[in-house]
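Hi everyone, thanks for coming. I'd like to walk you through one structure today, so please have a look at it first.

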Amino acid sequence: MTKPDFEKEKERAALHAVGMVSDGMWVGLGSGSTIAYAVRALGERVACGLDIQAVPTSRKTRELAASVGIPLRDLPDATHLDLTIDGADECDPRLDLIKGGGGALLHEKIVASASRRLVIIVDSRKPVPRLLHAFPLPVEVIPLAIGVVSFRLRALGAGVTLRRLPDGTPFVTDEGNRILDLTFVEPPEPTELARSLEAIPGLVEHGLFLGMTSTLVIGRNSGADVEIRGSAGVGEVCS
Ligand SMILES: O=C(CO)[C@H](O)[C@H](O)COP(=O)(O)O
């Protein structure tokens with residue numbers, strides 16, 4: 001059996017999602033390696049005359065989008081968006097997600113929550129039967145609350161790890177916060193966990209995106225290019 005080409009899957013999912021963008025839209029741009037394919041493809045459509053405004057969710061995405069000529073707006077300028085394209089670390093059959101592997105979950109959730117449609121693009125490794133059984137759940141915490149929040153998270157049954165860079169220093173988010181990665185020996189029900197996390201002062205946001213996804217696009221290697229879950233919808237493609 002040939003090995004799956006996950007980069008090809010990411011690219012196929014990204015191309016499909018970019019086909020859903022049409023003239024006049026305000027488009028949210030997520031973060032991560034899968035989104036990079038979407039940003040480059042969107043840049044090609046902009047070069048062909050597509051007229052959009054894009055709101056990036058991280059410094060990295062902003063830099064890439066600017067480099068391919070996508071017109072950009074800042075998040076404070078946005079009131080609502082037509083469509084957001086983003087990646088995910090895990091997605092379950094209800095299209096609920098874990099996000100934040102790249103540490104951009106706060107901006108990603110604000111943009112997703114303001115979007116009429118959230119289109120999630122993934123490769124075939126991301127769909128799972130249940131969330132919280134494999135990928136650690138990222139939460140964003142203000143630096144001075146790290147001790148207090150970690151204590152409360154452990155009381156919820158979580159294993160807590162401060163995310164660090166390869167040089168050992170703590171990872172710092174675009175908002176100057178820290179990321180704690182949570183693991184569970186006995187994974188809780190995501191909705192209940194989300195409620196508990198939202199009640200902890202100093203915990204700014206968590207990576208559970210529940211009930212937000214409109215469309216999940218899974219890139220495939222063989223057969224059809226993509227598998228669609230949720231609502232479909234394809235716009236014009238630049239040739
Ligand atoms: O949530 C995210 C960043 O905060 C990313 O969307 C998620 O980590 C997926 O990244 P990739 O496409 O590189 O696998």
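Let's start at the ligand. Its shell holds 17 residues, and those that come nearest are G32, T34, G87, G101 and G102; a residue counts as near if its C-beta atom, placed from the backbone, lies within 6 Å of the molecule. Two elements, α2 (33–47) and α4 (105–113), each give two or more residues to this shell. Helices here are DSSP runs of H or I with at least four residues, strands are runs of E with at least two, and both are numbered from the N terminus.

A word on the ground rules. This is a predicted model, so local features need pLDDT of at least 70 and side-chain atom pairs pLDDT 80 or more, while totals for chains, interfaces and linings use all residues. Numbering runs from 1 along each chain as its sequence is written.

Now to strand β1, residues 26–29. Which of its residues are buried on each side? W26 and G28 are buried on one face, V27 and L29 on the other. Buried means 20 or more other C-beta atoms within 10 Å of the residue's own, exposed means 12 or fewer, and partly exposed is in between, with C-beta atoms placed from the backbone. In a regular strand, side chains alternate between the two faces of the sheet.

β1 runs parallel to β2 (residues 53–56), joined by four bridges; strands pair if DSSP finds at least two bridges between them. L29 has P56 as its bridge partner in β2. From β1 the chain passes through α2 to β2 in a right-handed β-α-β crossover. β1 is also parallel to β3 (residues 81–86), with three bridges, and G28 sits opposite T84 there.

Finally, the domains. The domain assignment gives domain 1 as 6–128 + 211–230 and domain 2 as 137–206. Their centres, taken over C-alpha atoms, are 25 Å apart. At the interface, 12 residues of domain 1 are in contact with 12 of domain 2, contact being C-beta atoms, placed from the backbone, within 7 Å. On the domain 1 side, α4 gives the most, with four residues.

Technical notes
Right-handed = clockwise from strand over helix to strand, strands pointing away. Domains from an automatic or database assignment. Contact = placed C-beta atoms within 7 Å.
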